Amino acid sequence: MARRKKRRLNIKNIVLAVIFVIAVISAVIAIVLAVGNWGGSGETSSPSSESRQSSQSSSSSSSASSVVSDPDDSWQLILANPSNPVPEGFTVNLTDITGNYADIPALDNMKVDSRIVEPLEQMFKDARAAGQNLFLRASYRTVALQQTYYDWHINHYKGQGYSDEEAKEATLRYIAYPGTSEHHTGLAVDIISVDWQNSGQEIIDTFDQTAEAEWLKNNAHKYGFIMRYPKDKEAVTKIGYEPWHFRYVGKAHAAAIYNSGLCFEEYLDTLK
Ligand SMILES: [Zn+2]
């Protein structure tokens with residue numbers, strides 16, 4: 001009798017334990033499924049570039065108003081122009097592009113600010129997917145290198161019979177005075193097409209007739225780059241029209257500049 005009662009108790013305990021274990025397992029499964037649905041949605045739903053782009057653009061547009069006052073993005077807005085040389089001793093962390101990024105065909109010794117490598121690479125990739133083969137023709141320049149370009153052009157014009165003053169004026173139309181080039185920032189790139197590069201012709205403003213220039217003009221802002229020296233803004237920028245020169249300012253600023261039609265100097269004035 002006592003033995004049977006004991007056995008019945010044991011069976012009852014086992015049944016209770018089994019129910020308890022089933023309850024715990026069910027709860028764990030429910031939690032795992034719930035977490036899986038939330039956290040995994042980005043990976044399980046089709047990761048098309050379109051959906052990723054829309055989530056990116058929505059996050060950048062939602063921060064567009066706050067990003068202007070975010071002190072962390074001030075590096076994106078550094079101004080280098082004929083009346084604003086880069087600060088003396090200005091330094092920037094550079095990444096070597098040439099030979100290291102298969103998606104970015106580039107001239108020798110191309111370097112950019114490390115923070116813009118990812119958007120630059122994405123822009124080149126997406127351009128190629130759209131049938132446009134871009135070529136990185138210029139990037140970071142030291143003041144010393146700018147000086148050699150400047151001197152070369154001065155001598156070139158003088159060799160054609162220009163006076164000192166005329167040579168300087170002609171040179172400064174496209175070659176910034178050493179210290180005032182935006183290429184010193186590491187945020188500026190000259191981009192042409194692979195075809196243009198292979199043709200060996202110099203870079204002139206008829207580059208804007210190419211499909212690559214058209215693509216850049218319409219899409220660069222999506223990656224945070226602006227056409228820095230537009231045709232109708234020469235009086236403001238004091239630099240000739242350069243459909244190949246793009247400057248990284250971050251996606252939010254680039255979208256604002258693109259949509260407003262302002263040039264960089266004018267845009268900076270609106271932030272004051
Ligand atoms: Zn340039």
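**Stop one: a loop residue**

Start by selecting Asn-81, which sits in the loop between helix H4 (64–67) and strand E1 (94–96). Helices (H or I, at least four residues) and strands (E, at least two) are DSSP runs, numbered from the N terminus. A word on the ground rules: this is a predicted model, where local features need pLDDT of at least 70, side-chain atom pairs count only at pLDDT 80 or more, and totals for chains, interfaces and linings use all residues. Residues are numbered from 1 along each chain as its sequence is written, and side-chain values use heavy atoms, with hydrogens and water left out.

Is Asn-81 buried or exposed? It counts as buried, at 8% relative accessibility. Here buried means under 20% relative accessible area, exposed over 50%, and partly exposed in between (1.4 Å probe, protein chains only).

Now show what Asn-81 touches: Thr-180, Arg-228 and Glu-265, not counting residues up to four places away in sequence. Contact means heavy atoms within 4.5 Å. With Glu-265 there is also a side-chain polar contact of 3.0 Å. A polar contact is a pair of N or O atoms within 3.5 Å; within protein, one must be able to donate a hydrogen and the other to accept it, and residues adjacent in sequence count only if both atoms are side-chain atoms.

**Stop two: zoom out**

Switch to a cartoon view. You're looking at 12 helices and 6 strands. The protein has 272 residues, and 36% of them count as buried. Among contacts with a separation of 6 or more, 67% are between residues 24 or more positions apart.

**Stop three: the zinc ion**

Which residues hold the protein donors of the zinc ion? Select His-183 (NE2), Asp-190 (OD) and His-245 (ND1), which lie 2.0 to 2.1 Å from the zinc ion. Donors are N, O and S atoms within 2.8 Å of the metal (3.2 Å for Na, K and Ca); water is not among the atoms, so sites may look incomplete. Along the sequence, the spacing of these donor residues reads H-x6-D-x54-H. His-183 is buried, at 4% relative accessible area, and Asp-190 is buried too, at 7%.

**Stop four: the sheet**

Next, colour the strands. You'll find an open sheet of 4 strands in the order E3-E4-E6-E5, with antiparallel pairing. Its edge strands are E3 (134–138) and E5 (225–229), each pairing on one side only. From one strand to the next, the twist averages 45°. That angle is taken between axes, which are lines fitted to C-alpha atoms (for helices over the stretch in contact), with angles running from 0 to 180 degrees between N-to-C directions.

Zoom in on E5 and strand E6 (residues 242–248), which pair in the antiparallel sense over 4 bridges. Two strands pair if DSSP finds at least two bridges between them. Ile-226 is opposite Arg-247 in E6, while Met-227 has Phe-246 in E6 as its bridge partner. E5 is mostly covered, with 4 of its 5 residues buried.

**Stop five: the nonpolar cores**

Show side chains for Leu-120, Met-123, Leu-136, Val-189, Ile-191, Leu-216 and Phe-225: of the 30 residues in the largest nonpolar core, these touch the most other members. A nonpolar core is a set of buried Ala, Val, Leu, Ile, Met, Phe, Trp, Tyr and Cys residues joined through side-chain atoms within 4.5 Å. Helix H5 (117–129), E3, strand E4 (188–193), helix H9 (211–219) and E6 each give two or more residues to this core, and H5 gives the most, with 5 residues.

Apart from this core lies another, of 8 residues, including Ile-226, Ile-257, Phe-264 and Tyr-267.

Leaving aside neighbours within four places in sequence, Ile-191 contacts Leu-120, Met-123, Phe-124, Leu-134, Phe-135, Leu-136, Phe-207, Leu-216 and Trp-244.

**Stop six: a proline in a helix**

Select Pro-119, found in helix H5 and buried at 17% relative accessibility. Beyond its neighbours within four places in sequence, Pro-119 is in contact with Tyr-223, Phe-225 and Tyr-248. Draw a line between the C-alpha atoms of Pro-119 and Tyr-248: these residues are 129 apart along the chain, yet the atoms are separated by 9.0 Å.

**Last stop: two positive phi angles**

Finish with Asn-109, in the loop between E1 and strand E2 (111–113). Asn-109 has a positive phi of about 65° although it is not a glycine, and it is exposed, at 53% relative accessible area. Then jump to Lys-238, in the loop between helix H10 (234–237) and E6. Lys-238 also has a positive phi, near 65°, and is exposed at 56% relative accessibility.
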